[in-house]
Amino acid sequence: MSSTTYTADAPRTSTLLPMMIIGVLFFIMGFFTWLNGPLISFVKVAFTLDDINAFLVPFAFYVSYFVLALPAGAVLKRTGMKKGMALGLFIMAIGAALFGEFVRIRIYPGALTGLFLIGAGLSLLQTASNPYISILGPIDSAAQRIALMGICNKVAGALAPLAFGALVMTGIDTFLGQVTNMAEGPAREGLLNEFAARVFWPYMSLAGLLVVLAIWILLSSLPEIKPSGANSERSIGHSKGGIFSFPHLWLGVLCLFLYVGVEVMAGDAINTYGQGFGLPLQVTSHFTTYTMAAMLAGYLFGSVLTPRVISQQSYLAVSAVLGVVFAIGAYITHGYVSVAFVAALGFANAMMWPAIFPLAIKGLGSHTELGSAVLIMGIVGGALLPQAFVHLKQHIDFQLAFVIVIVPCYLYILYYGMRGHNVGNHAG
């Protein structure tokens, strides 16, 4: 089926169908991304791991963005965004199938390889879909469109831990008690094998669904967009130069790195954070859902306000201040109240990606695909900041470790929202 190509000089057809298709992709991205929270608790039991090794789950998942984002940008140059999105879904399907199989036979490095491939497919999907939705309409209202995509993403993120909990984590506290009290031997290994096998069919089903979605994308009428025409360098007064001549992009890469780190801390590490108060696994496995619910509320709130009432850069600054306030609230309280403050970080984080991404790629022109890929590399913050937290909490109080890691991140995000996004912008 032929596809429409958008350029700066051509009139735009309705954006409703493209937004619906990209919305489905954002739902898929959200579902897989926010499975990592309950997966940390799952692998800790299934593979009898400590916290540091269990946190290799988000590490393997997010480090793939750093490794593969630039190759993803090169692939998109050759395939176009539409075929690139389909390829990303196929790679995710392979990763999901490998993860299900390696967990079933309890080979942890193999399971991490599957997660790495899922992340690899997502890096291609992210590198294509984020600039696509950013320049599908006016760049100044991109935060609103990305917020709508974020709603799809976070609805999936809220559902994923609940679905995983119902299919896999049921009775985990009783099971953990059984395994802990058993001596090493065939009976204990048999129980662990039976528990690990719970993820096999869910992940195989997800792999099949991803293949179907990839074929659907290929056959759809999703239009191509020419970024060089839709995101002109003239909009920021930039006339010539390579990718390193855009300081607002590189400041944005660091901003995105720190943002994804705090987002993963609030969404994935919240389960481990709750366990620090002695809360049961059956309860903590659902905490990611609360963070996602707060993010969903933040998206709904933010999509109404930006850009009609407040600019995307100003909303970013306000969100960063909220992040600092909620982080301090988590530190000075305890138990469920402290966990609630961590979940509330989801509200503060909600509009950060929708603001950072379009601000960072604004005016990149022919460098848009490469700039997008470099930004996607910043997602590695989701691998490194949780690792910093889990290592730090081995030596100091876990609440103090949490606040030490995330507060400086929010302070930098505040700087980017107030000034950093405009560095090197010469437009009058």
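## Helix 17 and what follows it

Helix 17 is followed by Gly363, a residue whose phi is positive, near 75°. The model described here is a predicted one. Helix 17 itself spans residues 352-361, and because ten of its ten residues are buried, the helix is largely enclosed by the rest of the structure. Among these buried residues are Met352, Trp353, Pro354, Phe357 and Ile361.

With a relative accessibility of 44%, Thr48 counts as partly exposed.

Arg106 is likewise not a glycine, yet its phi is positive, at about 55°. Its place is the loop between helix 4 (56-104) and helix 5 (108-134), and with a relative accessible area of 19% Arg106 is buried, since buried means under 20%.

## The packing of helices 7 and 8

Helix 7 (residues 172-181) packs with helix 8 (residues 186-196) at an angle of about 160°, and their axes are 10 Å apart. The two helices are therefore roughly antiparallel to each other, as angles over 145 degrees count in that way. The crossing of helix 7 and helix 8 is left-handed.

On the side of helix 7, the residues that take part are Ile172, Phe175 and Val179, and these meet Arg188, Leu191, Leu192 and Phe195 in helix 8. Sorted by class, this contact has six nonpolar residues, no polar residues and one charged residue.

## Aromatic pairs

The count of aromatic pairs in the model comes to 21. One of them is formed by Tyr62 and Tyr65, a stacked pair with 6.1 Å from centre to centre and 25° between the planes. Both tyrosines, Tyr62 and Tyr65, lie in helix 4, three residues apart, which is about one turn of the helix. Tyr62 counts as buried at 2% relative accessibility, and Tyr65 counts as buried at 1%.

Phe277 and Phe398 form an edge-to-face pair, with 5.0 Å from centre to centre and 75° between the planes. This pair links distant parts of the chain, for Phe277 is in the loop between helix 12 (270-275) and helix 13 (281-284), while Phe398 is in helix 20 (residues 398-418), 121 residues apart. Phe277 is partly exposed, with a relative accessible area of 24%, whereas Phe398 counts as buried at 15% relative accessibility. Together with Tyr273, Phe389 and Phe402, the residues Phe277 and Phe398 form one aromatic cluster.

Key
Residues are numbered from 1 along each chain as its sequence is written. This is a predicted model: local features need pLDDT of at least 70, side-chain atom pairs count only at pLDDT 80 or more; totals for chains, interfaces and linings use all residues. Side-chain values use heavy atoms; hydrogens and water are left out. Axes are lines fitted to C-alpha atoms, for helices over the stretch in contact, and angles run from 0 to 180 degrees between N-to-C directions. Helices (H or I, at least four residues) and strands (E, at least two) are DSSP runs, numbered from the N terminus. Angles under 35 degrees count as roughly parallel, over 145 as roughly antiparallel, 65 to 115 as roughly perpendicular and the rest as oblique. A crossing is left-handed if the near helix is turned anticlockwise from the far one by less than a right angle, and right-handed if clockwise. Contact means heavy atoms within 4.5 Å. Ala, Val, Leu, Ile, Met, Phe, Trp, Tyr, Cys and Pro count as nonpolar, Asp, Glu, Lys and Arg as charged, and the others, Gly among them, as polar. Buried means under 20% relative accessible area, exposed over 50%, partly exposed in between (1.4 Å probe, protein chains only). Rings of Phe, Tyr and Trp (its six-membered ring) pair if their centres lie within 6.5 Å; planes under 30 degrees apart count as stacked, over 60 as edge-to-face and the rest as tilted.
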